Amino acid sequence: MSTATGFNPIHLDDVASCLNNCSESFAQLAALLHVIKEKAQEDGADAAKLAALGCAVATDMENYADATREQLQQGGVKQ
């Protein structure tokens with residue numbers, strides 16, 4: 001894999017950390033969505049707040065995973 005200008009190889013531990021954080025965040029997001037599903041049947045106002053929180057978690061992790069993917073693709077991996 002060739003590297004792009006401005007990108008250094010990403011350390012394998014950083015890739016593993018990213019995947020671990022993404023996994024944990026997706027678990028949190030799943031829990032939030034479960035609560036939203038339950039709350040939506042009882043009270044729609046709380047569900048909207050929980051949905052906004054879930055959206056923030058998803059957006060943060062999307063950005064983190066995308067930046068790690070770009071670093072991996074452009075810079076390669078080092079051990």
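I began with Lys78, which is partly exposed at a relative accessible area of 43%. For my own reference, buried means under 20% relative accessible area, exposed means over 50%, and partly exposed is in between (1.4 Å probe, protein chains only). The model is predicted, so to speak of local features I need pLDDT of at least 70, while side-chain atom pairs count only at pLDDT 80 or more, and totals for chains, interfaces and linings use all residues. Residues are numbered from 1 along each chain as its sequence is written, and side-chain values use heavy atoms, with hydrogens and water left out.

Next I looked up where Lys78 sits: strand β2, residues 77-78. Helices (H or I, at least four residues) and strands (E, at least two) are DSSP runs, numbered from the N terminus. Which residues does Lys78 contact, leaving aside neighbours within four places in sequence? I found Pro9, Ile10, His11 and Leu12, where contact means heavy atoms within 4.5 Å. Lys78 and Pro9 are 69 residues apart in sequence, with their C-alpha atoms 5.6 Å apart in space.

Then I turned to Thr68 in helix α2, residues 44-75. Is Thr68 buried or exposed? Thr68 is buried, because its relative accessible area is 10%. Not counting residues up to four places away in sequence, Thr68 touches Ile10, Val15 and Cys18.

Last, I searched the whole structure for salt bridges (a side-chain nitrogen of Lys or Arg within 4 Å of a carboxyl oxygen of Asp or Glu) and found one. The side chains of Arg69 and Asp66 form a salt bridge at 2.5 Å, N to O. Both residues lie in helix α2, three residues apart, about one turn of the helix.
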